[in-house]
Structures are given as C-alpha cells and as structure tokens.
Amino acid sequence: MSLSPIKVALLGIGTVGSGVFKVLQRNQVDIKARTGRGIEIVLVADRATDHARSVVGTAAEVIDDAFAAVARPDIDIVVELIGGYTVAKELVLKAIENGKHVVTANKALLAVHGPEIFAAAQKKNVMVAFEAAVAGGIPIIKALREGLTANRIEWVAGIINGTTNFILSEMRDKGLDFDVVLKEAQRLGYAEADPTFDIEGVDAAHKITLVSALAFGIDVQFDKTYIEGITKLSATDIRYAEQLGYRIKLLGISKRTDKGVELRVHPTLVPAKRLIANVEGAMNAVVVQADAVGTTLYYGKGAGSEPTASAVIADLVDVARLHTADPLHRVPHLAFQPDAMQKDLPILPMEAVTTSYYLRLRVADEPGVLATITGILADARISIDAMLQREAAEVGEGAAQTDVILLTHECQEAAMNQAMAAMQALPTVLKPIVRIRKEELN
Ligand code: NDP
Ligand code: HSE
C-alpha cells in the first residue's frame, strides 16, 4: 500500500532550512523508501522571500507570512527553523493548536518554554520532534529516548556547542585571537543569531537542560542550570592545563546523585587521554554513562547546514512513520511517559555540586606563601592532587611574583568557595584566583 506524500511547511529557510530543502531533494528516493511515503515541502515561509525563491525555485510555494503557513489545512507537519523565543513560540503553539506535528531545531525555545509546548502537544495528540536541537547531526536524542531505554542513566557530559569548541581549538592550535575565530564561526553558520549565547554558555545550557530531562525523567528546568562560558578563559590557563596533561573544553554536564541532579555548563579540564578531550573544531561529542551498557560516546558535526538538516529530516521521517499510529504507541516527547516523570528529584544548587578543581594563584614569591595556601585548603578538608609552580621569569612579571597552579581532589563547591575566599583575602595573593572545574570522566 502506498500512502500519499506527507505535506510539510518550512518556516525559515536560512542556514538550516536551506540544508533541509537541499538534502530532502537530493536523497528523496532513499528517504521515501525508508519512510514508506514521500515527504514534500510544499510551502516555505520566510520574510526574505527572494532568497527563499532562490533556494527552492518552483518546487514549493513561497510566502512571507509564517502564521498563514501554520493555518493552512493542507499541511501535516510544520518545521520551525526561525529560531528565538518569541515569534517561534507563537508559531509552534499555533501549529499545535491547528493539529499539526512540529519539528524544530530550536533548543532555546524548548529549554525555556518546553513544558508549555509539550503539554499543548500532548493535549492535541501531536508530536514535537527536536533531534536537531542538541548536538546538531548527532542522533543523541534518539539514543537517549530509544537506544538506551533499558538503562538507568548515571551521567551525561558533552561538548554540545560547536562554536566554542571551534574557538578553543583554533586559539590553541593556531594561536588566533578570540574575536577572529568567533567571526569565522559566524561566517561558517555555526554561531547563534546572538553569538553571546554560544560564548557565554547559554546555548550549551539550553541543550544540557533538554538532555537532563530525557536522561533522568525530570522536567525541563533551564532556570536552574548553572552557566559559565568561555569569555574569561585565558591562553595561560589553556597552556598550564596542557602541561598538567589536560585539555580545557566547554562541557554541559548532568549527573544523578543521591540528593538530586547536577546540571551545569562551564569550562572543564578533561584528561588529554580521553577521547572527548580530542574532539576539535565545530565537532560535538556526548558521553553517556549508564548502568547496563556502561559508557557510550556519540561524535559528529554539531552545527552547520547539512549536518543539522540530517537531524531535522530524521525527525520528519519519524513523524511521517508515526503520523497514523495511535498516540499511545508513540515515543514520549521526553523519553518518559508524562505521568511517570520524577517530580521529587531536585536540581542541585551549584554549592552542592561535587567536583575537582584547577586553581591558579598569582602570589608574592616569598617564604611561607605556599604553606599558608595549602593550610587553608587542608582546613577546608580539600586534598591536593598535583601542583605546579612557574618560575618568576616564565610569569614575566619580575622576580617578585609567581604562579602557583593546584589540582585538587573532589570536594563540594561550597567548601571550595569558602577556601577561595580565605585565600583571596591573603595579602600575598596578588590577583583574582582563577578556578576551573575538572572532571576525570572515568
Ligand atoms: P538563520 O538565521 O540562518 O535562518 C532563519 C531564517 O528565518 C532566516 O531566513 C530569517 O530571515 C527567517 N525569519 C526570521 N524571522 C522570521 C519570521 N518572523 N517569519 C519568517 N521568516 C523569518 O538561522 P539558522 O538556520 O542558523 O537556525 C535556525 C534554528 O536552528 C535556530 O533555532 C537555531 O538555534 C537552530 N540550529 C542552528 C544550527 C546551525 O548550525 N545554524 C544547528 C542546530 C540548531 P532573515 O534572514 O531575514 O532574518
Ligand atoms: N550555535 C550552535 C553551536 C549551533 O555552535 O553549536 C548548533 O546548535
């Protein structure tokens, strides 16, 4: 039996939208063979209609009013690729209200308004698919929702922002300046419309928030995610980390503990021998630790036109296959059935997080300084794992100053905050202490 083609409206035909259009056209024979029916983009809504026409030619109707598109009775699936929280939210909710399934790459929208959108979709028995929202072309949502469904997931850690990984790699390997590399990431279409979302860790936080919901069956809680970006990272710390056998990566981390869920994004020292430490450029990688399967690693392009289109089209195929299925037989939006979500598993405040640390202290190079610092750490019951002291000449500020770099064992962030405040108050500590968290990921 051959079903008629499913009809799709594409809202926004920029970097990702044009990739979706092109890949769907190029691979339509295989995609139809896999889906069991054709998937046809019959309508494209973009305010830049001339550009849209230059991409689609006469293959689809082009309009400038996205609200008209979501109201059209002939459309089965709306693909939202406009981005942002405002118009996109209205469009998605309207599409759902009109009984359309939605596919989106918009992690910002789902991280902030996911609960409202998923609830509306459940009420109307429509699907909201968002594979492209986390780690671009890597099928990590599919892995968490379906492939790992037998497991109790313990933690997830990932390089889930291509722009910042590209910036860190280019700065380290080519010695290029931050601003130059950011411009290149924008030119290549990796960066968000507002690139501060990338460099301040907000985009990674949107993604890890969604991942935490899928992994642990908790609500999407972006407002409780701890966020620190890469703008304060210095080349000095990248170099010292290398000397200690570590690489610095911007990681999104979510861990289940006895007391609740850790949910955080920050620059992180990772042992250089781990595979994830060697993920370079705009590539993404996600490590999942689960009880039955153990460790699994997912690697691939996390941004860009066709890699992201790959994930959007995978969602289109899923939705087209399940379009006629009983809604009860579909995979739940957030992996767990809505009435079986964990309501009593809180997100832990950052002070309650347990991790290890890299500290760099610019100190006066005089007797007793190191003993005082290690004494403060000992009083806070923080154990030192490794230490490095740079010669004054290397620091480049004369014989009176030196850099002391400490790696600690695990402790609670609250204890580290207290110890740092005590160390910072010493007259021999000459500059703000640099603190970067460290994860062994073993
Ligand atoms: P672009 O800015 O390249 O494309 C968005 C398109 O939507 C533009 O053509 C824009 O027109 C159009 N548009 C904006 N507002 C409206 C409106 N009100 N009505 C109709 N059209 C409108 O974005 P991307 O393709 O890069 O990103 C799309 C989504 O995918 C975002 O949510 C993003 O976070 C996500 N994403 C992006 C990835 C990437 O690699 N780029 C990877 C993963 C997810 P105009 O140019 O005139 O503003
Ligand atoms: N700006 C995002 C990134 C796009 O750099 O990873 C992919 O979500």
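## A buried alanine in a loop

Ala 335 counts as buried because its relative accessibility is 18%, and the cut-off for buried is under 20%. The model is a predicted one. Ala 335 sits in the loop between α13 (305-322) and β13 (354-364). Its phi is positive, near 75°, and the residue is not a glycine.

## Two further residues with positive phi

Leu 441 also has a positive phi, about 50°, although it is not a glycine. Leu 441 belongs to the segment after β17 (434-438). Its relative accessible area is 15%, so Leu 441 is buried.

Asn 125 follows helix α6. The phi of Asn 125 is positive as well, near 60°.

## Helix α6 and its kink

Helix α6 covers residues 107-123. It has a kink of about 85° at His 113.

The start of α6 has a contact of its own. There, a side-chain oxygen of Asn 106 comes to within 3.4 Å of the backbone nitrogen of Ala 108.

## What α6 buries

Which residues of α6 are buried? They are Lys 107, Ala 108, Leu 109, Leu 110, Ala 111, His 113, Gly 114, Ile 117, Phe 118 and Ala 121.

## Asn 151 in its loop

Is Asn 151 buried or exposed? Asn 151 counts as buried, because its relative accessibility is 16%. Its place is the loop between α7 (140-147) and β7 (153-159).

Leaving aside neighbours within four places in sequence, Asn 151 is in contact with Ala 290, Asp 291, Ala 292 and Val 293. With Ala 292 there is a polar approach: a polar atom of the Asn 151 side chain lies 2.9 Å from the backbone nitrogen of Ala 292.

## The cavity

How many cavities of 30 Å³ or more are there? The count is one. The largest cavity holds about 70 Å³ of space. Its lining is made up of Leu 168, Ser 169, Arg 172, Ile 238, Arg 247, Ile 248, Lys 249 and Glu 280. Two or more lining residues come from each of α8 (162-174) and β9 (246-256).

By type, the lining of the largest cavity has four charged residues, three nonpolar and one polar.

Methods. Residues numbered from 1 in each chain as written. Chains lettered and ligands numbered in written order. Predicted model: local features only at pLDDT ≥ 70, side-chain atom pairs only at ≥ 80, totals over all residues. Heavy atoms only, no water. Bend = angle between axes of the 7 residues up to and from the residue. Helix = DSSP H or I, 4+ residues; strand = E, 2+ residues; numbered from the N terminus. Buried < 20%, exposed > 50% of the residue type's maximum accessible area, 1.4 Å probe, protein only. Polar contact = N/O pair within 3.5 Å; in protein donor to acceptor, adjacent residues only side chain to side chain. 1 Å grid on protein atoms, 1.4 Å probe; cavity = no way out; pocket = protein on both sides within 12 Å on 5 of 7 lines; lining within 4 Å. Points joined across faces, edges and corners; volume = space filled by probe spheres on them. Nonpolar A, V, L, I, M, F, W, Y, C, P; charged D, E, K, R; others polar. Contact = heavy atoms within 4.5 Å.
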